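Here's a quick walk through the contacts and pairings worth a look before you set anything up. Keep the viewer open as you read.

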Amino acid sequence: MGVVALAVGVSFPMGCAAAAQGAMDVQDATGGSHGNVTLAAQDQDSVAEPGRSAELGLHFVLEKGWHIYWVNPGDSGEPPKVKWTVPEGYSVGEIDWPTPERLGRGTVVDYGYTGEVTLLAKLNVPDTAKAGSKAFAVADVNWLVCSEICLPEKSALRIELPVESKARRNPEEATLFARARARLPMPALKVWDAEALDQGGDYLLRLLTGVQETSATFFPLRSGEIENSAPQKVLKFTGGMRITLVKAANTTASSNAGKPNDGHAKGTIDGVVKFGSGKSYKVSARIRSALPAN
Amino acid sequence: MKNLKNVIVLAGVLLVAVWAMASQGVQVGQPAPDFTGHDSMGQAHRLSDYRGKFVVLEWHNQGCPFTRKHYESGNMQKLQKEWRAKGVIWLTVISSAPGKQGFVTPAQENDYLAKMNAVPTAALLDPAGVIGQLYGAKTTPQMVVINPEGVVIYDGAIDDHSTPDAADIPSSKNYVDAALTEALAGKPVSDANTRPYGCSVKYAE
């Protein structure tokens, strides 16, 4: 189990009716068939500091050749879905999605993760939480794991976290969480000008970073805006990055998987840009027509 | 140096051109590209022969959990039965390449259709992925609806619950059912383009 020594909970292959048991007993995660997931807390021993938030991590270890999906899975697949159950007054925030990889080939291209990945989410502890009481978080996780074929997996994970007036960091989990945070896209700097020039058949995404970027990949946050499988052409540009993104065939913006592509309501192209250096940033580029106004 | 730059630019242009040829896709409101496919009974079907009728194309892979969701629950068969009774042509298209999940011989497909009580007009075997690539099919299931004039009026998911769990079906909005209901009543299709969900189509590499 290695680095996730303090992760609590056990994952069950789909169809197993058992619920997760076992408070603080540290168990190996028995996996789905092609990977497993464990739930970890950064402040394992005393996470629940009243009025603060504590970081939780769903740590996936995937079999070689298998992958799971980003929040926008691309052309196929589905992102992991988590239903949290926490005590009254507590809440869990949205998942912070690490920068994905471009997966697949040919005309079907997806966005996801291989190897190991940790999905971080914040457990918000109410002011009224009493030191000495116990908090817990249960994560009902459904995910799709694919190689050539896809398999749905699910797992019920539970972690218990005593409330203390001052949280103690759990050194054994520090590495896991530090590594997870290092894989999150950073917010784009305010001074960077981000613009998506609408050129008819494609967008020219331009990011003024001040440094010439020779290689970059863009991951669209929403489906239905750009053609995932189209090559992204990085154009030479001394002031930063210019990359062409071919518009989706049915060129309308959409929100979620399986939901209607219901028009370009947003006025921006949002996503993550990963540079050749390995650094990645969240970008929201306002769409501007490249055609001259008259 | 200049030559090298030109070569790089040309390579980029070629890459985009090759991609554009490989992935044609369809657009809602545009004519559905014509094709001829052979079904599991050895019969040829030309799309344009069905002009004058509504046609549903259903991308299929019997091993894909998302396809299984709609077949093991009987949801897909119910749709096939209901709409074929109203004169709609239903073509199941299998674009899995040999050796890939979902690839079937004609006999295997006929066994499957019988076992599942599936009643498409025909199940087209497209192991070279020609029809799939022509339509830009990405997932199984992916659904396309074509009107009697041969125009694409729906392209996308089967419904609005992108899970492999059959328990979600009763609370789902079925886009194909909705599109056909509206179109047969002479109304425009409200949700004409959605993101298809499911497994990737298992094309040849």
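The side chains of Ser280(A) and Thr99(A) are joined by a polar contact of 2.6 Å. Keep in mind that this is a predicted model. Ser280(A) belongs to strand β18 (residues 280-289) of chain A, and with a relative accessible area of 6% it's buried. Leaving aside residues up to four places away in sequence, Ser280(A) touches Thr99(A), Leu184(A), Pro185(A), Met186(A), Val272(A), Val273(A) and Lys274(A).

## Chain A as a whole

Of its 294 residues, 52% count as buried. If you take the contacts in chain A between residues at least 6 apart in sequence, 71% of them join residues at least 24 apart.

One piece to pick out is an open sheet of four strands, in the order β1-β2-β8-β5 (chain A), with antiparallel pairing. Its edge strands are β1 (35-41) and β5 (91-92) of chain A, each of which pairs on one side only. β5(A) runs antiparallel to strand β8 (residues 116-124) of chain A, and two bridges join them. Val92(A) stands opposite Leu123(A) in β8(A).

## Salt bridges within the chains

Side chains of opposite charge can pair when their charged atoms come close. Over all chains, the count comes to 22 salt bridges. One of them is in chain A, where the side chains of Glu55(A) and Lys122(A) meet at 4.0 Å, N to O. That pair links distant parts of the chain, with Glu55(A) in strand β2 (residues 53-62) of chain A and Lys122(A) in strand β8 of chain A, 67 residues apart. Glu55(A) counts as buried at 10% relative accessibility, whereas Lys122(A) is partly exposed at 38%.

Another salt bridge joins Asp193(A) to Arg286(A), with the closest N and O atoms 3.5 Å apart. This pair, too, links distant parts of the chain: Asp193(A) is in strand β12 (residues 193-198) of chain A and Arg286(A) in strand β18 of chain A, 93 residues apart. Asp193(A) is partly exposed at 27% relative accessibility, and Arg286(A) is partly exposed with a relative accessible area of 40%. Both belong to a network of salt bridges that links Asp193(A), Glu195(A), Arg206(A), Arg286(A) and Arg288(A).

Over in chain B, the side chains of Lys173(B) and Asp191(B) meet in a salt bridge of 2.7 Å, N to O. Lys173(B) lies in the loop between β8 and α6 (175-184) of chain B, and Asp191(B) in the loop between α6 and β9 of chain B, so the pair ties together parts that are 18 residues apart in sequence. Lys173(B) is partly exposed at 35% relative accessibility, but Asp191(B) is buried at 18%.

## Two disulfides

A search of the whole structure turns up two disulfides over all chains. In chain A, Cys146(A) is joined to Cys150(A), S to S 2.3 Å. The torsion about that S-S bond is about 110°, so the disulfide is right-handed. Both ends are tucked away: Cys146(A) is buried with a relative accessible area of 1%, and Cys150(A) is buried at 2%.

The chain B disulfide joins Cys64(B) to Cys199(B), S to S 2.2 Å. Cys64(B) lies in the loop between β3 (55-59) and α2 (65-72) of chain B and Cys199(B) in strand β9 (residues 199-200) of chain B, so the pair ties together parts 135 residues apart in sequence. This link is right-handed as well, with 90° about the S-S bond, and both cysteines are buried.

## A hairpin in chain B

β7 (residues 143-146) and β8 of chain B pair in the antiparallel sense over four bridges, with Met143(B) opposite Gly156(B) in β8(B). The two strands form a hairpin with five residues between them, and Gly150(B) in the turn has a positive phi of about 85°. How many residues of strand β8 (residues 152-156) of chain B are buried? Five of the five are, so the strand is largely enclosed by the rest of the structure.

## Where the chains meet

Chain B and chain A bury about 2,800 Å² between them, 55% of it on carbon and sulfur atoms. The contact takes 36 residues from chain B and 31 residues from chain A. Between the chains there are nine residue pairs in polar contact and four salt bridges. Arg195(B), for one, forms a salt bridge with Glu78(A), the closest N and O atoms being 3.1 Å apart.

On the side of chain B that touches chain A, the elements giving two or more residues are α1 (2-22), α2 and β9 of chain B. α1(B) gives the most, with five residues.

Definitions and conventions: Residues are numbered from 1 along each chain as its sequence is written. Chains are lettered from A and ligands numbered from 1 in the order in which they are written. This is a predicted model: local features need pLDDT of at least 70, side-chain atom pairs count only at pLDDT 80 or more; totals for chains, interfaces and linings use all residues. Side-chain values use heavy atoms; hydrogens and water are left out. Buried means under 20% relative accessible area, exposed over 50%, partly exposed in between (1.4 Å probe, protein chains only). Two strands pair if DSSP finds at least two bridges between them. A disulfide is a pair of cysteine sulfur atoms within 2.5 Å. Contact means heavy atoms within 4.5 Å. Buried area is the accessible area (1.4 Å probe) that two parts lose on being put together, summed over both. A polar contact is a pair of N or O atoms within 3.5 Å; within protein, one must be able to donate a hydrogen and the other to accept it, and residues adjacent in sequence count only if both atoms are side-chain atoms.
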